[in-house]
Amino acid sequence: MSANWVMCLSFLLGLGVDIFSDTQGMNALASTILAASRKWVFQLYFPREDDLGNPVPSMRSLGLVVYAKYMLTAVLLYCIAVFFIQAFTLRHFEITLLRIISSSVLTFLMLLGFDSIATTRHSEKRL
């Protein structure tokens, strides 16, 4: 997908989360920030796209270690954006940092589990 479509879809996805959770645009902004930095984060861990036939980040295409690094960086970036937008101050920095770390770890583990299930089911259909 083009960068413009990714930015629009991430904004709309974040806006949908904001509408149902009454968070006044925090998720829309954080999702848009993540979409804007997606290519940079991808190139950080996999600088040569010519070695990768299909540049869609997944455990199957990148391998576990590279994909885990990519996903952890993206999750941390999203959680940092959401929780600093929510706090909008550095007054209670320790609590905000604890929220960022705990939310990032939980989200990372859930996404890793979902991707491993999807990869397993996808490979079973091919056999």
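This is a predicted model: local features need pLDDT of at least 70, side-chain atom pairs count only at pLDDT 80 or more; totals for chains, interfaces and linings use all residues.
Biologist: How many helices and strands does the chain have?

Modeller: Start with the term. Helices (H or I, at least four residues) and strands (E, at least two) are DSSP runs, numbered from the N terminus. This chain has 6 helices and 0 strands. Its pattern along the sequence is α-α-α-α-α-α.

Biologist: What span does helix 5 reach?

Modeller: The expected span of a helix is 1.5 Å times one less than its number of residues. Helix 5 has 24 residues. From first C-alpha to last, helix 5 reaches 33 Å, close to the 34 Å expected.

Biologist: How is a pair of packed helices described?

Modeller: Axes are lines fitted to C-alpha atoms, for helices over the stretch in contact, and angles run from 0 to 180 degrees between N-to-C directions. Take helix 2 (residues 26-36) and helix 5 (residues 64-87). They pack at an angle of about 145°, with axes 9 Å apart.

Biologist: Is the crossing of helix 2 and helix 5 left-handed or right-handed?

Modeller: A crossing is left-handed if the near helix is turned anticlockwise from the far one by less than a right angle, and right-handed if clockwise. Helix 2 passes helix 5 in a right-handed crossing.

Biologist: Which residues of helix 2 and helix 5 meet?

Modeller: Contact means heavy atoms within 4.5 Å. On the helix 2 side, the residues are Met26, Asn27, Leu29, Ala30, Ser31, Ile33 and Leu34. They meet Ala74, Leu77, Tyr78, Ala81, Val82, Ile85 and Gln86 in helix 5. By class, this contact has 11 nonpolar, 3 polar and no charged residues. Ala, Val, Leu, Ile, Met, Phe, Trp, Tyr, Cys and Pro count as nonpolar, Asp, Glu, Lys and Arg as charged, and the others, Gly among them, as polar.

Biologist: How do helix 3 and helix 5 pack?

Modeller: Helix 3 (residues 38-45) packs with helix 5 at an angle of about 145°, with axes 9 Å apart. This crossing is right-handed. Arg38, Val41, Phe42 and Tyr45 in helix 3 meet Val66, Lys69, Tyr70, Thr73 and Ala74 in helix 5. The contact divides into 6 nonpolar, 1 polar and 2 charged residues.

Biologist: What share of the 127 residues in the chain is buried?

Modeller: Buried means under 20% relative accessible area, exposed over 50%, partly exposed in between (1.4 Å probe, protein chains only). Buried residues make up 28% of the chain. In helix 5, the buried residues include Tyr67, Ala68, Tyr70, Met71 and Phe83.

Biologist: Why does Ala68 count as buried?

Modeller: Ala68 lies in helix 5. Ala68 counts as buried because its relative accessibility is 17%. The C-alpha atoms of Ala68 and Leu109 are separated by 9.8 Å, though the two residues are 41 apart along the chain.

Biologist: Is Thr96 buried or exposed?

Modeller: Thr96 sits in helix 6 (residues 93-126). Its relative accessibility is 6%, so Thr96 counts as buried. Thr96 touches Phe83, Phe84 and Ala87, not counting residues up to four places away in sequence.

Biologist: What is the relative accessible area of Ala118?

Modeller: Ala118 is also found in helix 6. Its value is 44%, so Ala118 is partly exposed. Ala118 and Arg60 are 58 residues apart along the chain, with their C-alpha atoms separated by 10.0 Å.

Biologist: Where does Asp22 lie?

Modeller: Asp22 lies in the loop between helix 1 (3-21) and helix 2. Its phi is near 55°, a positive value in a residue other than glycine. Asp22 is exposed because its relative accessible area is 61%. Gln24 is found in the loop between helix 1 and helix 2. Its phi is near 55°. With a relative accessible area of 72%, Gln24 is exposed. Just after helix 5, Phe88 takes a positive phi of about 55°.

Conventions. Residues are numbered from 1 along each chain as its sequence is written. Side-chain values use heavy atoms; hydrogens and water are left out.
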